[in-house]
Amino acid sequence: MNVVLLGPPGVGKGTQGVFLTSKPGWTRIVTGDLLREAVTVGSTLGVKAEKYMSRGHLVPDALIVALVRDHLVNFYSKGNLVFDGFPRTEAQASELTEILALLENSIDTLIVLEAEDQALVERINGRRSCPDCNAIYNVHTSPPETSGICDTEGSTLIHRTDDKLETVISRLGVYKTETEPVIGYYEQMGAKVCRVDGNKDVGEVRKLVFQALGM
Ligand code: AP5
């Protein structure tokens, strides 16, 4: 089964994606994490991408599609794939259809996580991430055992640079104008589209996502 997790910034795509990949046979492809790694190492892609990410804009389709294509070519294995943060435009969705077709594969289910903007802003404000293992915490709802320290890596947690309020507002706008049309794309393609109430607590959302996927 191949799944796309779609939803606005802070809705819980990463949190729920980790639950899915805790099951055997699931692989998660997270374009945000791949881009942040590229920025950290200062690769050509990272230098280009950082200009867009810091403003809350989407990285151009050609760059992101090449990144995902390379990643799939290098790491593809038969099993279940979950795409987190990709595709984010209709053009990316159409490219993903072509890439997967070459692998005799396709997207079966689109999970659309939805939540109120105010809740999203609060969650992002409280989010802390591990720069080494990308684990996601929240100072209010899911804090680490020791404040500011990753439970697994022992690293100092960070507040992402694109989590500043003005950048978050820009990201929310971009989601509505550029990413929401992806839902219509998958409806037309005949994929199963499941809307999940992401306002509920993490465990409830997890149950709904697993139910939607028949797990
Ligand atoms: P990306 O990293 O993908 O960011 P995003 O889509 O904005 O999503 P977030 O990572 O902010 O949130 P999330 O939904 O994963 O929520 P999380 O689980 O962390 O992209 C960053 C940037 O990279 C983009 O702006 C763009 O520039 C670029 N980019 C990436 N992909 C691209 C693409 N395909 N094309 C072009 N550009 C691209 O949860 C958030 C917080 O809430 C956490 O603290 C968590 O603990 C908490 N939380 C989660 N669920 C709940 C809940 N149910 N109740 C209470 N708290 C919760």
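Is Pro-9 buried or exposed? Pro-9 is buried, with a relative accessible area of 7%; buried denotes under 20% relative accessible area, exposed over 50%, and partly exposed the range in between, with a 1.4 Å probe and protein chains only.

## Basis of the description

The model is predicted, so local features require pLDDT of at least 70 and side-chain atom pairs count only at pLDDT 80 or more, whereas totals for chains, interfaces and linings use all residues. Residues are numbered from 1 along each chain as its sequence is written, and side-chain values use heavy atoms, with hydrogens and water left out.

Pro-9 lies in the loop between β1 (2-6) and α1 (13-21). Helices (H or I, at least four residues) and strands (E, at least two) are DSSP runs numbered from the N terminus.

Beyond its neighbours within four places in sequence, Pro-9 is in contact with Leu-120, Ile-124, Arg-171, Leu-172 and Tyr-175, contact being heavy atoms within 4.5 Å. Asp-117 is 108 residues from Pro-9 in sequence, with a C-alpha to C-alpha separation of 9.2 Å.

## The sheet

An open sheet of five strands runs in the order β2-β3-β1-β4-β7, with parallel pairing; strands pair if DSSP finds at least two bridges between them. At the edges stand β2 (26-30) and β7 (192-197), each pairing on one side only.

Five bridges join β2 in the parallel sense to β3 (residues 80-84), and Arg-28 stands opposite Val-82 in β3. Helix α2 (residues 31-41) packs on the sheet and touches β2 and β3, its direction making about 55° with that of β2. Axes are lines fitted to C-alpha atoms, for helices over the stretch in contact, and angles run from 0 to 180 degrees between N-to-C directions.
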